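Reader: Could you go through this structure with me? I would like to ask about it piece by piece.
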Amino acid sequence: MRISIKILLLVLLFGFFIGCSGDDDEQRTESSPLIGTWKLTELLSDPGDGSGTFSPVDSERTIIFAADGSFVCNGNICTMSPDTDVPTAGTFSIADGVLMPDECSASDHEYPFELEGAALIIIYPCIEPCQAKYERL
């Protein structure tokens with residue numbers, strides 16, 4: 001009788017640990033600082049001498065990052081424009097710090113991003129610095 005109780009306890013403990021391992025991965029993904037909705041608030045375009053600074057923009061452009069590694073934007077994420085005329089979507093990698101839009105003309109193009117405090121900064125491929133700053137909603 002003692003052996004069957006020990007075996008039962010071992011089986012239950014083993015099942016508990018196996019069942020919890022997937023929950024831990026989901027929690028880490030859902031608690032990512034990127035997951036959620038972000039709104040465009042500022043743009044930076046440097047004139048070529050390093051003097052560029054972020055300037056506020058009046059825009060309704062938002063990006064929604066999902067826990068499954070996808071994103072949707074109500075504007076064309078492939079450009080720095082604050083417009084919301086062409087919605088785009090794609091995937092992102094927090095580990096690599098890149099957005100990979102589906103609809104850009106260069107299908108293999110990746111846009112680096114950084115989280116700086118409460119801001120998300122997307123870096124565009126320009127000769128001089130050009131970036132878009134988003135704040136979490």
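Reader: Is Lys39 buried, exposed or partly exposed?

Author: In this model, which is predicted, Lys39 is partly exposed, because its relative accessible area is 24% and the buried class ends under 20%.

Reader: And which residue does Lys39 form a salt bridge with?

Author: Lys39 pairs with Glu60 in a salt bridge, and the closest N and O atoms of the two are 3.7 Å apart. The pair links distant parts of the chain, since Lys39 belongs to strand 1 (residues 36-45) while Glu60 sits in the loop between strand 2 (54-56) and strand 3 (62-65), 21 residues apart. Glu60 counts as exposed, because its relative accessibility is 55%.

Reader: Why would those two side chains pair at all?

Author: As a general point, side chains of opposite charge can pair when their charged atoms come close.

Reader: How many salt bridges does the structure hold?

Author: The structure holds 2 salt bridges. Besides the pair of Lys39 and Glu60, there is a salt bridge between the side chains of Lys133 and Glu42, with 3.9 Å from N to O.

Reader: Are Lys133 and Glu42 buried or exposed?

Author: Lys133 counts as buried because its relative accessible area is 18%, and Glu42 is buried at 18% relative accessibility.

Reader: Are Phe65 and Phe71 buried or exposed?

Author: Phe65 counts as buried, with a relative accessibility of 3%, and Phe71 is buried with a relative accessible area of 1%.

Reader: Changing topic, how many disulfides does the structure hold?

Author: The structure holds 2 disulfides. In one of them, Cys78 and Cys104 are joined with their sulfur atoms 1.7 Å apart. This pair links distant parts of the chain, with Cys78 in the loop between strand 4 (70-73) and strand 5, and Cys104 in the loop between strand 6 (98-101) and strand 7 (111-116), 26 residues apart. Both Cys78 and Cys104 are buried.

Reader: Is the link of Cys78 and Cys104 left-handed or right-handed?

Author: The link of Cys78 and Cys104 is left-handed, with -95° about the S-S bond.

Reader: What about Cys126 and Cys130?

Author: Cys126 and Cys130 form a disulfide with their sulfur atoms 1.6 Å apart, and the torsion about that S-S bond is about 100°, so this disulfide is right-handed. Cys126 is partly exposed at 42% relative accessibility, whereas Cys130 is buried, with a relative accessible area of 4%. With bonded cysteines counted along the chain, the disulfides follow the pattern 1-2, 3-4.

Reader: Last topic, the chain overall: how many helices and strands does it have?

Author: The chain has 1 helix and 9 strands, and along the sequence these follow the pattern α-β-β-β-β-β-β-β-β-β. Of its 137 residues, 32% count as buried. The chain exposes about 8500 Å², and carbon and sulfur atoms supply 59% of that area.

Reader: What share of the contacts join residues at least 24 apart?

Author: Among contacts between residues at least 6 apart in sequence, 39% join residues at least 24 apart.

Technical notes:
Residues are numbered from 1 along each chain as its sequence is written. This is a predicted model: local features need pLDDT of at least 70, side-chain atom pairs count only at pLDDT 80 or more; totals for chains, interfaces and linings use all residues. Side-chain values use heavy atoms; hydrogens and water are left out. A salt bridge is a side-chain nitrogen of Lys or Arg within 4 Å of a carboxyl oxygen of Asp or Glu. Helices (H or I, at least four residues) and strands (E, at least two) are DSSP runs, numbered from the N terminus. Buried means under 20% relative accessible area, exposed over 50%, partly exposed in between (1.4 Å probe, protein chains only). A disulfide is a pair of cysteine sulfur atoms within 2.5 Å. Contact means heavy atoms within 4.5 Å. Accessible areas come from the Shrake-Rupley method with a 1.4 Å probe; for residues, only the protein chains shown count as cover.
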